[in-house]
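Let's walk through a sheet, the helix packed on it and a ligand site. Have the model open alongside.

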Amino acid sequence: MGAKIGRIIGAQPQEIVIADSTSVNLFKLVTAALRLQQANWPDKTVIITDNGNFPSDIYILQGALDLLGGFTLKIVPVDLLVGATEAIVAAIDERTALVALSHTAFKSGYVYDMAQVTAAAHAAGALALWDLSHSVGAIPVDLNGASADFAVGCTYKYVNGGPGAPAFLFVREALHERVRNPVSGWFGQQEMFAFDLDYAPAAGIGRFLTGTPPLLSLAAIEPGIDLLLEADMSRLRAKSVQQTEFLIALWRDLLAPLGFTLNSPVDATRRGSHVSLGHAEALRIDLALIEAMNVLPDFRAPDNLRLGIAPLYTSFGDVYQAVLRMKRVVDERLYESFSAEGIAVT
Ligand SMILES: Cc1ncc(COP(=O)(O)O)c(C=O)c1O
């Protein structure tokens, strides 16, 4: 299954495994990367991320740093509508040990230039780690083309696995024998059924496995991956760009006059497959759309209504209907019947 996902993100089959959750995989890879740097370049002590990264990724970084000691986290303030790639490149210097970013930003949908950031990291002797959760299955990714060192991602957004489906992790082949899994378990042991009492990491990417995979969830993600492979990522990307452009054109004509702002990049080459629209009443509009209009966006604080386009099955008609219903919710003030009090999941 890992090999199949590898085909849509530019990884070789021996560089990727499905395991655990994105959070756990991120912890494993951040720790492995920093231990590698610590052993070889003790003066490299800074981890770079951005202030629009998925907050849980930052929590994981903080947890790993707390455990390892000696490193500091630099959260670079960036504009995730335009220029974030350049801002991160400018922040990298000889003290940088690791650059850890979400390839596609979870709120705005901004897509980093992976090759440019990774090249800047490598030029400074740093490693680059990418969270592909909002990229995989949504836009073409070329980890090997960009010489990326590490990557993680989930299968429950554009890979169609559903919430809690297993995640994946990628390590560039040249690094395999130099990095260790901090959550060493029997699935990552050289001969797991020998049941030796001493841990010896398996050769290759297998050492990043820990325990028994959730077989039912694994079985459930395979058809989603097969459909993406059959459809072809470049064709899906072409449709997705047309659809986000269509959504933005509709926003301009129908929603901007009602107070909606565009909180995603205008430049399609820097935009993933979701579009966020801002509104002062975004949370109550979100509730009205879900409860009364059969449209399912997310609310992302402070004011984002995030509309995900899965080009495999979202139609242009769906996009048009969603915008018409958003317009109706505001035109007719339907959102006023909904309360944001006590909402736990947005
Ligand atoms: C970008 C990103 N990274 C990490 C995660 C965390 O994934 P999990 O809860 O499966 O560990 C998510 C979850 O939505 C995410 O969107």
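Which residue in S9 does Thr-261 stand opposite? Thr-261 has Gly-278 as its opposite number in S9.

## Ground rules

This is a predicted model, where local features need pLDDT of at least 70, side-chain atom pairs count only at pLDDT 80 or more, and totals for chains, interfaces and linings use all residues. Residue numbers start from 1 along each chain as its sequence is written. Helices (H or I, at least four residues) and strands (E, at least two) are DSSP runs, numbered from the N terminus.

## The sheet

We have an open, antiparallel sheet of four strands, running S8-S9-S11-S10. Pairing here takes at least two DSSP bridges between two strands.

S9 (residues 274-278) pairs with S8 over two bridges, and Leu-262 has Leu-277 as its bridge partner in S9. Helix H8 (residues 282-292) packs on the sheet, touching S9, S10 and S11 (304-308), at about 40 degrees to the direction of S11. Contact means C-beta atoms, placed from the backbone, within 7 Å; axes are lines fitted to C-alpha atoms, for helices over the stretch in contact, with angles from 0 to 180 degrees between N-to-C directions.

On its other pairing, S9 meets S11 over five antiparallel bridges, one of them linking His-274 to Gly-308.

## The ligand shell

Around the ligand there are 13 residues, the closest being Ser-21, Thr-22, Ser-23, Phe-54 and Ser-133 (near means a C-beta atom, placed from the backbone, within 6 Å). Helices H2 (22-40) and H3 (55-68) each supply at least two of the shell residues.

Note on methods: Contact = placed C-beta atoms within 7 Å.
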